[in-house]
Amino acid sequence: MLYFLNRLRLPLLTRFIYESWISEEEIDPYRRPTKHNIRMAMHWLVQGCQPGDSLVFHYSGHGSQQRNFTGDEITGYDETLCPLDFETQGMLIDSEINAAIVRPLPRGVKLHAIIDACHSGTVLDLAFLCRMDRSGRYVWEDHHPRSGVWKGTSGGEVISFSGCDDDQTSADTSALSHVTSTGAMTFSFIQATEQGQATTYGNMLTHIRSTIRDADTGVGGGVGVGGGVVTSLLTMLLTGGSLGMGMRQEPQLTANEPFDVYSKPFSL
């Protein structure tokens, strides 16, 4: 996936002053996606941010779920990211990610998250999810925790694009690039940006979804998008659930505050 991570980085380099990335392709132990290194990278991202700053957090890798026992999840499960060493160090759960990069954001700071992972719909624990149907009509669902715990910012703005809904898997596929296996959501996000399809947040979401849907059904000669079987098996083992096959990947948009997705210009 390193090639496509670099493709995502290149447009950002023309607009952003600082960047940091970690990858399993790296030899340097401090740049590999261990739990500690991801935690440190999240801390680095928000540390010292000032009004006018625009931050981007991109994760492309395995995601899963685990049972929640605090009562702040509607579904009863926490969404998680799986570091390279999750088998020994554990997974990063959504509430920790929220505490690390959402709650500290001061007024005037904007954060975009791009999460290409299974079960990632609400992995930032943001309060609102844009529930959009295939015709493009949408409503904002209120996902405030039932426990009443605060999951908002300190005045900043957070918008997240995720690879699929909480109960879905996010595919790696060669059907989109026709060259190598890539994250379907990451590829579609880059394509929408490069082709000028991302004029608004609504346009970005509909373009990503239609690109993946067309590949999934073989439109344009695609071979079809396969499900995340490895991560599905992982989730089944961790949650004690059953393996649901035949799910379709529907990327999601969440935010700390609702807005008109078709009038708000998309901008990193």
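Trainee: Setting aside residues up to four places away in sequence, which residues does G71 touch?

Mentor: In this predicted model, G71 sits in the loop between β2 (63–67) and β3 (77–81). G71 and R146 are 75 residues apart in sequence, and their C-alpha atoms are 6.7 Å apart in space. When residues up to four places away in sequence are not counted, the residues that G71 touches are R146 and S147.

Trainee: Is G71 buried, partly exposed or exposed?

Mentor: Buried would require a relative accessible area under 20%, and exposed would require one over 50%. The relative accessible area of G71 is 34%, so G71 counts as partly exposed.

Trainee: How much confidence does the predictor place in the protein chain, and over which stretches is the pLDDT below 50?

Mentor: The mean pLDDT of the protein chain is 83, and 77% of its residues reach 70 or more. Over residues 1–7 the pLDDT is below 50, and this stretch has 16 contacts in the model beyond near neighbours in sequence. A further stretch with pLDDT below 50, which has 35 contacts in the model beyond near neighbours in sequence, is residues 226–247.

Trainee: Among contacts in the protein chain between residues at least 6 apart in sequence, what share joins residues at least 24 apart?

Mentor: The protein chain contains 7 helices and 11 strands, and 49% of its 268 residues count as buried. Among contacts between residues at least 6 apart in sequence, the share that joins residues at least 24 apart is 71%.

Trainee: Which element supplies the largest share of the largest nonpolar core?

Mentor: This core has 25 residues, of which F161 and L253 touch the most other members. At least two residues each come from β6 (128–132), β8 (157–162), α5 (184–194), α6 (201–216) and β11 (252–255). The largest share of this core, 5 residues, is supplied by α6.

Trainee: Which residues is F161 in contact with, leaving aside its neighbours within four places in sequence?

Mentor: Once those neighbours are left aside, the contacts of F161 include A113, I114 and I115. They also include M185 and F189, as well as Y201, M204, L205 and I208.

Trainee: Why is α5 described as largely enclosed by the rest of the structure?

Mentor: The buried residues of α5 are A184, M185, T186, F187, S188, F189, I190, Q191 and A192. Because buried residues make up such a part of α5, it is largely enclosed by the rest of the structure, the count being 9 of the 11 residues.

Trainee: Is A171 buried or exposed?

Mentor: A171 is found in the loop between β8 and β9 (172–173). Its C-alpha atom is separated by 9.5 Å from that of R248, which is 77 residues apart from A171 along the chain. With a relative accessible area of 2%, A171 is buried.

Trainee: Is Y30 buried or exposed?

Mentor: Y30 lies in the loop between α1 (2–13) and α2 (35–46). Leaving aside its neighbours within four places in sequence, Y30 is in contact with I22 and N37. Its relative accessibility is 67%, so Y30 counts as exposed.

Trainee: Which residues are closest to the centre of the second largest pocket?

Mentor: About 280 Å³ of space lies in the second largest pocket. By class, its lining has 4 nonpolar, 5 polar and 8 charged residues. Of the 17 residues that line this pocket, the closest to its centre are E73, T75, T122, H143 and D166.

Note on methods
Residues are numbered from 1 along each chain as its sequence is written. This is a predicted model: local features need pLDDT of at least 70, side-chain atom pairs count only at pLDDT 80 or more; totals for chains, interfaces and linings use all residues. Side-chain values use heavy atoms; hydrogens and water are left out. On a 1 Å grid over the protein atoms alone, a cavity is a set of points where a 1.4 Å probe fits but cannot get out, and a pocket is an open set with protein on both sides within 12 Å along at least five of seven lines; lining residues have an atom within 4 Å of a point. Grid points are joined across faces, edges and corners, and a volume is the space filled by probe spheres set on the points. Ala, Val, Leu, Ile, Met, Phe, Trp, Tyr, Cys and Pro count as nonpolar, Asp, Glu, Lys and Arg as charged, and the others, Gly among them, as polar. Helices (H or I, at least four residues) and strands (E, at least two) are DSSP runs, numbered from the N terminus. Buried means under 20% relative accessible area, exposed over 50%, partly exposed in between (1.4 Å probe, protein chains only). Contact means heavy atoms within 4.5 Å. A nonpolar core is a set of buried Ala, Val, Leu, Ile, Met, Phe, Trp, Tyr and Cys residues joined through side-chain atoms within 4.5 Å. pLDDT is the predictor's confidence in each residue, from 0 to 100.
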